[in-house]
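Please keep the sequence and the model in view while reading.

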Amino acid sequence: MPFVGRGVEETMNPEQHTDRWPLDLPGKKLRVAAPLLLALAAGCNGQIGGPGQSTGPGADPWVGGGGDPESGQVPEDVLASPFCQTPQPGSAPLRRLSNHEYTNTLKDLFSGVSGVASTIDTVVATFPNEPESLGFRNNASFLTVGSLVAQKYLDAAEQIAAVAARAPGLVACDPAALGELECARDFIRTFGARAYRRPLTEAEVQSYEERFAAGSDGTTFNEGIEWVVFSMLQSPNVLYRVELGQAGAEGVNEPTPYEMASRLSYLVWQSQPDEELTRAAAADELGTPEQIEAQVRRMLADPRADRLFEYFDQWLDTDILSSMSRDPAVYPGVVSGLPALLHEETRTFVKSLFADPSGSLDELFTAEYSFVNGALAKHYGVGGVSGDDFVRVDMPGRSGVLTQGMMLTRDKATRTSIVRRGLKVRTDLLCKLVPAPPNDVQLDLEGLGEGLSQRERLELHRTDPSCAGCHNLMDPLGVVFESFDAVGRSRTTDEEGRPVVTSSNIAHTFDLDGPVANAAELGQRLAQSEEARACYVLQNFRFFYGRDKTDADRCSMAALSVAFKESGYSLSELVVALTQTDAFRYRP
């Protein structure tokens, strides 16, 4: 069970076990903090989080949300501190494009060029999956380029260039009328500026002219263009978000205008800048907070803003719904294509919240409605809906994303998983790290409590002190979802026909501790929880900045927390706030 880096996931094989927490791991990830190795060696003792973090009542809710864990300052106090009176940008690592960003970037780069989009999809499907860090696949520290990735980039460049160079719409000029070299030079400057996301230097233009000449010598104009495209698609200036920065007015470095355009486009669109951002960069109109805010609001209104829902796919694990498998003998009558329907349900629900500036974290966790089409309505037992379009319907007893596909990604083929569901809430909604059990602990539940429900067996399991520390963090959170089966339908009895009991008692949190009746009540508590709000801010920071926070980011984290609160915890306004922080506007 190798540890990869600091505070990242420990991958375990779910096939190694059958009815225990490591076994109950979601196949996708288990968060284990490297600083907890000593604690693990002594057995799971219930301590979660990193050094300096506390989990009980009275702990600082802003650890991870912008406050100072030493002084207990709230975000407003942090912003007023002397430390935050000058820009504090934090780190700005060189960021390789994720597979999602690579796909979007190349599709936008070759927009209107016939046949290229399908080629991009084909080649990216062969790329290795990116490593995960704290639940996301775009952390700059882990997006390295080894020999396999380099080979895949080369193969992709070769296939894409071959299709693009022979397709109409790539080269705007007429080589017969303008001359092949002049037309190639025009293509290199225009296409190269879009590919590099900045104007090419004269040295770069000359280098590509030489490649065109070598490629077209004795062959054709299109062959020369193919050489140019093939070379460009392997350039670090395309595959990475290269930032050199420039001296700023406040004594710190700033991104150049073109680098700021890329920061904006990759945050909102997960892709390269459009013509308007490029124009604004050329006119040096991306330097003030007001100019940046105007652009991000324009971009959020563009259909390409749908791409930022990649954050929700990874955060809520709906990106792994396609691997969901259920035993039809245990769950009969499941509609065809259920994983895709569940994925679309969550995306449509989240998009509806983003479409309204008042769409908030509260509604994300508590909404007693969802979006279904005819097939999903039939699955849920909702009447009055037909056709393929997803429409809003009231669903009493539901609780926003908590009772959608996110919950089901944790389950097994033949039963729900209390442990996995609780682990999801603890790690991704409360941002706590749960240690793995030591190797010598008794984990197998087989033969334990014959005739008992899953809840009762886990209660018996927690009587073992070596198991209780970890399972007390997960099981009480997971049992509240037992009124929903492993395909998302409401139920009153479990897979064995025993009555389900959802009442629980939450512990080891900052402000959620106490009895809770069911998933809906947990959703209400999460919506009002400072700990959950701080976690949501932190998760946005991690994904959209492509890294974890550091101590230098406490001003940016505090600014995000304050802006989130002042907006009424609006999901879309938090995205705007992400472009106003020191971490976004400056470079170290």
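## A buried residue in a loop

Asp317 counts as buried because its relative accessibility is 0%; buried means under 20% relative accessible area, exposed means over 50%, and partly exposed is in between, with a 1.4 Å probe and protein chains only. Asp317 sits in the loop between helix H14 (310-315) and helix H15 (338-354). Its phi is near 70°, a positive value in a residue other than glycine.

The model is predicted: local features need pLDDT of at least 70, side-chain atom pairs count only at pLDDT 80 or more, and totals for chains, interfaces and linings use all residues. Residues are numbered from 1 along each chain as its sequence is written, and side-chain values use heavy atoms, with hydrogens and water left out.

## The protein as a whole

The protein has 26 helices and 8 strands. Helices (H or I, at least four residues) and strands (E, at least two) are DSSP runs, numbered from the N terminus. Of the 588 residues in the protein, 56% are buried.

The accessible surface comes to about 23,300 Å², and 52% of it belongs to carbon and sulfur atoms; such areas come from the Shrake-Rupley method with a 1.4 Å probe, and for residues only the protein chains shown count as cover. Contact means heavy atoms within 4.5 Å. Among contacts in the protein with a separation of 6 or more, 70% are between residues 24 or more positions apart.

## Nonpolar cores

In soluble globular proteins, nonpolar side chains tend to be buried together. A nonpolar core is a set of buried Ala, Val, Leu, Ile, Met, Phe, Trp, Tyr and Cys residues joined through side-chain atoms within 4.5 Å. The largest one here has 89 residues, of which Phe312, Trp315, Leu364, Phe365 and Tyr536 touch the most other members. Helix H23 (residues 530-545) supplies the largest share of this core, 9 residues. Apart from it lies another core, of 43 residues, which includes Val123, Ile225, Val229 and Tyr240.

Which residues does Tyr536 contact, leaving aside its neighbours within four places in sequence? They are Tyr311, Phe312, Trp315, Leu361, Leu364, Phe564, Leu571 and Leu574.

## Two helices packed on H25

Helix H13 (residues 289-300) packs with helix H25 (residues 571-578) at an angle of about 140°, and their axes are 9 Å apart. Axes are lines fitted to C-alpha atoms, for helices over the stretch in contact, and angles run from 0 to 180 degrees between N-to-C directions. H13 and H25 are therefore oblique to each other: angles under 35 degrees count as roughly parallel, over 145 as roughly antiparallel, 65 to 115 as roughly perpendicular and the rest as oblique. Glu293, Val296, Arg297 and Leu300 of H13 make the contact with Ser572, Glu573, Val575 and Val576 of H25.

Helix H24 (residues 554-566) also packs with H25, at an angle of about 150° and with the axes 9 Å apart. That makes H24 roughly antiparallel to H25. Where they meet, Leu560, Ala563 and Phe564 belong to H24, while Leu574, Ala577 and Leu578 belong to H25.

H19 and helix H21 (residues 465-478) pack at an angle of about 105°, with axes 7 Å apart. That makes H19 roughly perpendicular to H21. Residues in this contact include Val425 and Arg426 of H19, and His471 and Leu473 of H21.

Arg426 is found in helix H19 (residues 418-429). Is Arg426 buried or exposed? Arg426 counts as buried, because its relative accessibility is 1%. Arg426 and Thr509 are 83 residues apart in sequence, and their C-alpha atoms are 9.1 Å apart in space. Cys431 is in the loop between H19 and helix H20 (454-461). Cys431 is not a glycine, yet has a positive phi of about 60°. With a relative accessible area of 14%, Cys431 is buried.

Ser360 lies in the loop between H15 and helix H16 (361-366) and counts as buried at 8% relative accessibility. Along the chain, Ser360 and Gly568 are 208 residues apart, but their C-alpha atoms are separated by 6.9 Å. Leaving aside neighbours within four places in sequence, Ser360 is in contact with Leu353, Gly568, Tyr569, Ser570 and Leu571.

Leu178 lies in helix H6 (residues 175-178). Leu178 is partly exposed, with a relative accessible area of 46%. Not counting residues up to four places away in sequence, Leu178 touches Cys173 and Cys183.
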